[in-house]
Amino acid sequence: MERGKVYIETYGCQMNVNDTEVIFSILAKAGYTRTENMDEADIIMANTCSIRDNAEQRIWGRIDQFYGCKRLREGVVTGIVGCMAERLKDKLLESGRVDFVAGPDSYRSLPEMLARIAPGRPQINVELSREETYADIEPVRIDKNGVSAFISIMRGCNNACSYCVVPYTRGAERSRAPETIIREACGLFGRGYKEVTLLGQNVDSYLWHREGGTDVDFADLLEGVASISPQLRVRFSTSHPKDISDKVIFTMAKYPNICRHIHLPVQSGSDTMLVKMRRRYTREWYLGRVAKIREVMPDCAITTDIIAGFCGETLQDHQDTLSIMREVGYDYAYMFQYSERPGTLAARNYPDDVSPEEKTRRLNEIIALQNELSLESNRRDVGKTFTVLVEGPSRRNPADSCGRASNNKMCVFPSVGPESVKAPAPGDYVDVKVMSCTSATLICERV
Ligand code: SAH
Ligand code: SF4
Ligand code: F3S
């Protein structure tokens, strides 16, 4: 039965992107179809993020726009799902602008909720679960080129980083059965996908307990996925510095198709801040993990997340962040100003006392330094050859192709080489030599 067209806008992290794919799959089974055009949709929703205040402010703006669509076209239903739904719950319904609110663990109930909506009868389900992993649901892929896909291997988070809202919006950590993950990866490879990214807030704490058998940890899982085919690339995110084990590092080294890239968020270089953030590692421990990675895989890229201006951060603490960035020489970083999230440990215990201007100033210093470091990192790669997984034509110049090297750097190169080889298709592996670079891209030639 044709029930209507669904339009979903996705905000936030890769896990949210994968959740949108899960939602499409659940709704497709119930007879709904997908549309990428909001103006023809019967159901409009935003899959939302609460990580920083500006992420939520953006959504409030979208809620108003969705409401505009509702008023123009009778029968249109609008909703908020994801982390902001979980955080704000019925406060979102009080706005009178949305018809349903669904948290990250309640997507199986969406068809039922949609069927129940009536004027003056909005629906809400923000129940969190200890078991839900959507393990049996095959996500409807929304990527454009059929080369690279996300696989969620766990949900929730059991850490209590004091600044972070995720444990509140996504609930307790739970791992997904390894067989279902391997099956999904095999299925994708069979359909022509060449890369999977295993997703979790803290992949290193993945653990599947088997009654009467041996437990499967993240390194075992990684090995299982990497063994599917040498032609299938494996990536993963996010690694928590306190949990990344030697076993994981050695497993990576053993399989060339496990990409040479670890996203290892440091957050701050100051031990005082790390304690207040409840990250449960020290600067020294972190540098020890970096040294181990470099010892085993000298060619492994290391990227990070950094928060500028956390509660009580002094100029010295800030200098410590700049110095750890230099010491590690990050290949890339995501950098943020601290944004207080209501209800978190930090919001309850520490004043948000670095002024907005000072946060911006420190963040800008961090960004400027990272631009230098990224450029230095790319310069170190000039002259090297890499195997690139082709994504398609380059956006800047359609005569060029682009794709990522194992270390996750974006490579751009002429599609047709001097020997007039045929232009590569998305999903092909191509060998290139790095000729020059910018801070964002490696400029290459085919070899
Ligand atoms: N689970 C991952 C991070 C997920 S959130 C980890 O532990 O590394 C992604 C990033 O957002 C975090 O690494 C952090 O740098 C940033 N972040 C989280 N909460 C924040 C806040 N309240 N203000 C600013 N940045 C925040
Ligand atoms: Fe948030 Fe920390 Fe969990 Fe990452 S590990 S999601 S930063 S609480
Ligand atoms: Fe945002 Fe939720 Fe991801 S808060 S970063 S969408 S887990």
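Helices (H or I, at least four residues) and strands (E, at least two) are DSSP runs, numbered from the N terminus. Axes are lines fitted to C-alpha atoms, for helices over the stretch in contact, and angles run from 0 to 180 degrees between N-to-C directions. The model is predicted: local features need pLDDT of at least 70, side-chain atom pairs count only at pLDDT 80 or more, and totals for chains, interfaces and linings use all residues. Residues are numbered from 1 along each chain as its sequence is written, chains are lettered from A and ligands numbered from 1 in the order in which they are written, and side-chain values use heavy atoms, with hydrogens and water left out.

**View 1. Helices α9 and α11.** The axes of α9 and α11 (residues 283-296) come within 10 Å and cross at roughly 25 degrees. The two helices are therefore roughly parallel to each other (angles under 35 degrees count as roughly parallel, over 145 as roughly antiparallel, 65 to 115 as roughly perpendicular and the rest as oblique). Their crossing is right-handed. On α9, Asp246, Ile249, Phe250 and Ala253 meet Arg289, Lys292, Ile293 and Val296 of α11 (contact means heavy atoms within 4.5 Å). By class, the residues of this contact are 5 nonpolar, no polar and 3 charged.

**View 2. Helices α8 and α9.** Helix α8 (residues 218-226) and helix α9 (residues 246-254) have axes that come within 8 Å and cross at roughly 15 degrees. That makes α8 roughly parallel to α9. The crossing of α8 with α9 is right-handed. Phe218, Ala219, Asp220, Leu222 and Glu223 of α8 make the contact with Lys247, Val248, Thr251, Met252 and Lys254 of α9. These residues divide into 5 nonpolar, 1 polar and 4 charged.

**View 3. Surroundings of ligand 1.** Ligand 1 is surrounded by 15 residues, of which the closest are Gln201, Pro265, Gln267, Asp305 and Ser339 (a residue is near a molecule if one of its heavy atoms lies within 4 Å of it).
- aspartate 305, at 2.6 Å from an oxygen atom of ligand 1;
- glutamine 267, at 2.7 Å from an oxygen atom of ligand 1;
- arginine 279, at 3.2 Å from an oxygen atom of ligand 1.

View 4. The residues around ligand 3 are Cys13, Asn16, Thr48, Cys49, Ser50, Ile51, Cys83, Arg170 and Gln201. This shell has 4 nonpolar, 4 polar and 1 charged residues.

Conventions: A crossing is left-handed if the near helix is turned anticlockwise from the far one by less than a right angle, and right-handed if clockwise. Ala, Val, Leu, Ile, Met, Phe, Trp, Tyr, Cys and Pro count as nonpolar, Asp, Glu, Lys and Arg as charged, and the others, Gly among them, as polar. A polar contact is a pair of N or O atoms within 3.5 Å; within protein, one must be able to donate a hydrogen and the other to accept it, and residues adjacent in sequence count only if both atoms are side-chain atoms.
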